[in-house]
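Here's a walk through the model, chain by chain and then residue by residue. Keep the structure open beside you and follow along.

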Amino acid sequence: MSWELTSDRPIYIQLVEHIKFDIISGRYKPGDKIEPVRELAIKASVNPNTMQKAMAVLEQSGLIYSNRTSGRFITDDEELITALKASIAEAYCRDFITKIRQIGYSNDEIRDNLNNYLI
Amino acid sequence: MLGKLFKHEFRTTGRYIVTLLVLLIVVTPLTALYLKFSTSDVIDKFTINNFNIFKIFSVLSVLVYVAALISAVTATTILLIYNIYKSMVTSQGYLTHTLPVPTSYIIISKGVVMFVWKVLSVIVAFISLMIFTYILGVWHFDDIAAFIKELMKLNLSDYMPSMILLAATLIFGTIQKILMYFASFAVGHRMNGHPFLGSVIAYIIGSFILSIISAIANTITNFAFIYTGSYGLTDTIDIMMIPAIIISIVSGVVFYIISVYMFKNKLNI
Amino acid sequence: MTPLLECRTLTKKYGNTLALNNVSFTLERGRIVGLLGPNASGKTTLIKLINGLLTPTSGEVLINGMRPGIESKLSVAYLPDTMFLNDWMNVKQLINYYSDFYSNFDVDKAYDMLKRLNIDEKMRVKAMSKGTKEKVQLILTMSRNADLYCLDEPIGGVDPASRDYILSTILNNYNENGSILISTHLISDVEQILDDVLMIRFGCLYIHKTVDEIREEKHMSVDELFREVFRC
């Protein structure tokens, strides 16, 4: 029912991340209309003001734009979305490398492991 | 808003009051008929060794009837007092006191409804008594015509003042009693942890003060009376009703003011 | 613009016990506010004062700039934490009662919510389970189009599924012109729907911040902060 939200960071930041993920994963396609704030807030079981804050952040980043009369839409700017995807992917990779280096794998061992896994 | 309060108050209380009064009306002919049956010649046939079981129950039936008659009237009052307590002092009071209506309306609506039911219970008790005695053959329908004829013969204007005073005593007395219940709850509910006990104590204190005032007023009236010369017995009774009426009205107003003030400004539930 | 709710040095004493001590704050419209504190911290006292069920020892409470009275009773909806409904009434009669006295009562909304819970309108309060009674009380309260809703422990003693229902009902009824004040000690359940937090400690207003401020400044959730503040 409600989105997975942790307790140590502001909720609106986590909502921004959740929606960003929905955008890059394709759940929201470029140009799609996004649900009204209230509806989204109820879905996420959060305060509508908090969801509004998240929307404001997303609008500022350009991922979402609002049309006075028809509501809010995902940006058509595919380059922006690709860039976002890339930066998130980079963060995942950095996180992965850090963790797997902690185990003690060398770069070659890492590559072998990845190749096996990707088959 | 007052009308709506009346409507809901009648509905809430009517449920059990009407049931009670209907029960009385139903019980009346049953006990009366049983009494009649058990004292008739038919029953004598069932006598065994000078012992007749039906006759024993005949006494019981009278007791049952009298008990039902008295309890119908007193139970009406008690149930209504409990209704005031429940709806104004217990958790139901959270709803009552947050209604967007003046506190005075709440008290007036409940008070008037209680008055109506009290009067009705007395009327029904009277009707029940008439039915009971009629079934037992104490009077017949032609007695009514004879009774009215006798009434017509009387010079009504002689009795008017007494009748009016009597009516006033009863009416204002009843209203005063009702307002006294409200005032007792209004003051007593503030006793932390024991709102009902506090109300009872408030009522006792109120009654005590009232009886002292009545005693003083009656004594003064008596003396004023003696000083100005003596009259007949009926006049005495009439005159004695006057201080009672005045006290009822004044104390009623005082109780009303206390109730509204306390429930409005010193509510503690 | 008069604030929706304002408390000015609000104090309430019961004999020698100080239930609320010099509490001052304002509440704007369009907020969902948590009134948080352990039992007997003064939360219920504050809510009762807002509703005119208690009178202040000193200080004042103002709703839309007015002292509690007939007008404020129309614009404030109170959900007590106990059963307050008339036992013998059935749902239909309760709805008639509410719509009779509250001009801003939305009958359709009430029936809609009851239907979704499969509560029959002929059911008497007496015959209801505790959970159903609580839901009916909530529905009746939230069907009023009030400016301020005061919910006293709406989810205490309620199973988790009902808790979700109650919270989503609250969210569904949120409107930018009104505010909802939720008094509770079950903070982790309500934290994510709150805008602001009023933390009451021994009758004093200890913290008045937004949820985000608390998370950003203290790097912990409101629930964790509460546990820290009220550690036994």
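Helices (H or I, at least four residues) and strands (E, at least two) are DSSP runs here, numbered from the N terminus. This is a predicted model, where local features need pLDDT of at least 70, side-chain atom pairs count only at pLDDT 80 or more, and totals for chains, interfaces and linings use all residues. Residues are numbered from 1 along each chain as its sequence is written, while chains are lettered from A and ligands numbered from 1 in the order in which they are written.

Let's start with how the chains meet. Two residues are in contact if their C-beta atoms, placed from the backbone, lie within 7 Å. Of the two pairs of chains in contact, chains B and C share the most contacts. That contact takes 20 residues from chain B and 19 residues from chain C. On the chain C side, α2 (70-75) and α3 (91-101) each supply at least two residues. By class, that side of chain C has 12 nonpolar, five polar and two charged residues. For these classes, Ala, Val, Leu, Ile, Met, Phe, Trp, Tyr, Cys and Pro count as nonpolar, Asp, Glu, Lys and Arg as charged, and the others, Gly among them, as polar.

Chain A comes in from elsewhere: 15 of its residues are in contact with 20 residues of chain C. The elements of chain A giving two or more residues to that side are α1 (11-24), α2 (37-44) and α3 (48-61). The chain A side divides into nine nonpolar, four polar and two charged residues. What about chains A and B? No contact joins them, and their closest C-alpha atoms lie 28 Å apart.

Now zoom in on C:Lys73, which sits in helix α2 of chain C. Is C:Lys73 buried or exposed? C:Lys73 is buried, because 21 other C-beta atoms lie within 10 Å; the cut-offs are 20 or more such atoms for buried, 12 or fewer for exposed, and partly exposed in between, with C-beta atoms placed from the backbone. Leaving aside neighbours within four places in sequence, C:Lys73 is in contact with B:Thr98, B:Leu99, B:Pro100 and C:Gly52. C:Lys73 and C:Leu148 are 75 residues apart in sequence, but 9.9 Å apart in space, C-alpha to C-alpha.

C:Leu148 brings us to the packing. A nonpolar core is a set of buried Ala, Val, Leu, Ile, Met, Phe, Trp, Tyr and Cys residues joined through C-beta atoms within 7 Å. The largest one has 129 residues, and those touching the most other members are B:Phe182, C:Ile50, C:Leu148, C:Tyr149, C:Cys150, C:Ile180 and C:Leu181. Helix α7 (residues 156-188) of chain B gives this core its largest share, 10 residues. As for C:Ile50, its contacts beyond four places in sequence are C:Leu5, C:Val61, C:Ile63, C:Pro68, C:Val76 and C:Cys150.

Chain B has a domain story too, with bounds that come from an automatic or database domain assignment. Its domain 1 covers 1-151 and its domain 2 covers 154-269, and their C-alpha centres lie 25 Å apart. Between them, 15 residues of domain 1 are in contact with 17 residues of domain 2. On the domain 1 side, α3 and α5 (103-135) of chain B each supply at least two residues, and α5(B) gives the largest share, seven residues.

Look along α3(B) while you're there. Helix α3 (residues 53-89) of chain B has 37 residues, so at 1.5 Å a residue it should span 54 Å, and its end C-alpha atoms, 50 Å apart, agree with that; the expected span is 1.5 Å times one less than the number of residues. There is also a kink of about 30° in α3(B), centred on B:Ala72, where the bend at a residue is the angle between axes fitted to the seven residues ending there and the seven starting there.

Most residues other than glycine have a negative phi. C:Phe202, in the loop between β8 (196-201) and β9 (204-210) of chain C, has a positive phi of about 50° although it is not a glycine. C:Phe202 is partly exposed, with 14 other C-beta atoms within 10 Å. C:His219 also has a positive phi of about 50° without being a glycine, and is found in the loop between α8 (211-218) and α9 (222-229) of chain C. C:His219 counts as exposed, because it has 11 other C-beta atoms within 10 Å.
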